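Walk me through a few telling spots in this protein, please.

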Amino acid sequence: MAQALDKGSIVAVVGSGAMGTGIAQVAAAAGYKVVLFDARPEAVKASITGICNMYGKLAEKGKMTDEEVQAASDRLSGASSLAELKDAAIVIEAIVESLDVKRTLFADLEGIVHDECILATNTSSISVTAIAARLRLPQRLVGMHFFNPVPLMALVEVISGLATSRGVADTVYATAAAWGKSPVHAKSTPGFIVNRVARPFYAEALRLLNEQAASAATLDAVMREAGGFRMGPFELMDLIGHDVNFSVTQSVFHAYFNDPRFTPSVLQQEMVNAGYLGRKSGRGFFDYAAGAEKEDSQAEAPQERPDAVGLSMEPGVTGAVTAPLEERLRAAGFKVAHREALPHSGENEAPAFHCNGAALFLTDGRSATERAAANKHPDTVLYDLVLDYGSAKRIALARADQCSDAAYNSVVGLFQAAGFAVTRLDDVPGMAVMRTVAMLANEAADAVNQGVCSAQAVDIAMQKGVNYPRGPLAWADAVGLAHVATVLSNLSTTYGEDRYRVSPLLRRKVAASGNFHA
């Protein structure tokens, strides 16, 4: 097993912007001597001053002692030329995202540092293989992709290009771990792990908004309060900046030779065209002008509590998802009477709750209207996936076009009595949380299938890199891989698009009745 670089080693950082400064701060705090270089000497000085001030603030919060602050500050120094980096054990580049500029820098460094020195790039989008291609020793170049803000974000993607030595990658992995980070190994492919697997979080939200499933504020509330995500997709895109987010999507789309799974959104393109870039422009999906009214999310008006609720189960169908909801209903005072399964039409799917004539199903990727027609049960209502049915504040429902107001309102009253805020989505296939999670899991499965990373790595990356409440493959395991595959297949049938094709690895796991995590 590879060891981390010795603490007597010199870590050189090239670039004193936000990323370079953050990397230098973390490395020095971890006990390494750090030499910071930037083409602008004044930027290096400002960076070191800022790091020392940050150490002081950490000491005020009790997260560092005064002695640790002094020691870490003493380990920081600036360089006025690349030549001063000659004794470094690793040089981490955090400069402009330009292949030519990075290639030039590393070519220059090869003439300065010793042959055992590791060269690392913090690129978030450029092929590590391409950056290394012209080096004399391409095997020593590796991606070391930190996330902003570096001191707070735990993830480091350790990216191996075609030529990268496994020993180099393992040493960088161990070093990142020694710095208190959560590293993952990945292969140099477009988007690496996070920027690839995260695309559906934005793409499905944009499609839902374009199809008028609900307002941006409502969809955000569903993803936060039902899905458990820290931020909704629209507020997150506004924070990132639509120009940046759209550019990354375009980059991944073109890098995968226009794979429909990564198709950019015309709606987001219009946002960019209008200059509605998000917080930085004062307007995105939401208005950030001073005094602007905050858009409220939709919730259904209070409805009467129904008298009873039943539950029917198909033989062999797992109740893993249904059980916590049943428990919550019982805690709310409902006696959930187990009933015989509905007559099987060839397409209906249990388990199903029943309430005053309404049949209530977890979404399977079809619309409620389509399920009502298939089941020959007009009063059909669907509920969306929830991270934790026992504690979630909100749940989303969709009603079939054939569903009566009385039946739908009884379902609303049922969930409200159990303590949920109830949001109605227009009857879009797959609803919001379910289709997003299914697509995230599908993309994660494809990344594993294509050797980009392991199942464990992709789940760590999405939790530590973008704060997902659960790794997408672990979430798929919890929902049931067969159900996830069904959702995707039904979406594919409805839209007639290759975008929703089921990953071969997901199909294989379903066929083997397996999971991604044993």
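Met-431 sits in the loop between strand S15 (421-424) and helix H16 (433-449). The model is a predicted one. Look at the backbone of Met-431: phi is positive, about 55°, although the residue is not a glycine. Is Met-431 buried or exposed? Its relative accessibility is 0%, so Met-431 counts as buried.

Now go to Phe-192. This residue lies in the loop between S8 and helix H7 (194-197). Phi of Phe-192 is also a positive value, near 50°, and again the residue is something other than glycine. The relative accessible area of Phe-192 is 2%. Buried means under 20%, so Phe-192 is buried.

The peptide bond that joins Asn-148 and Pro-149 is cis. Its omega is about 0°.

Next, the helix. H6 covers residues 166-178, which makes 13 residues.

Check the start of H6. There, a side-chain oxygen of Ser-165 comes to within 3.1 Å of the backbone nitrogen of Gly-167. After H6 comes Gly-180, with a positive phi near 85°.

Several residues of H6 are buried, among them Val-168, Thr-171, Val-172 and Ala-176. What covers the buried residues of H6? The cover includes strands S4 (90-93), S5 (118-121), S6 (141-146), S7 (155-160) and S8 (182-187).

Key: Residues numbered from 1 in each chain as written. Predicted model: local features only at pLDDT ≥ 70, side-chain atom pairs only at ≥ 80, totals over all residues. Heavy atoms only, no water. Helix = DSSP H or I, 4+ residues; strand = E, 2+ residues; numbered from the N terminus. Expected span 1.5 Å × (residues − 1). Buried < 20%, exposed > 50% of the residue type's maximum accessible area, 1.4 Å probe, protein only. Contact = heavy atoms within 4.5 Å. Polar contact = N/O pair within 3.5 Å; in protein donor to acceptor, adjacent residues only side chain to side chain.
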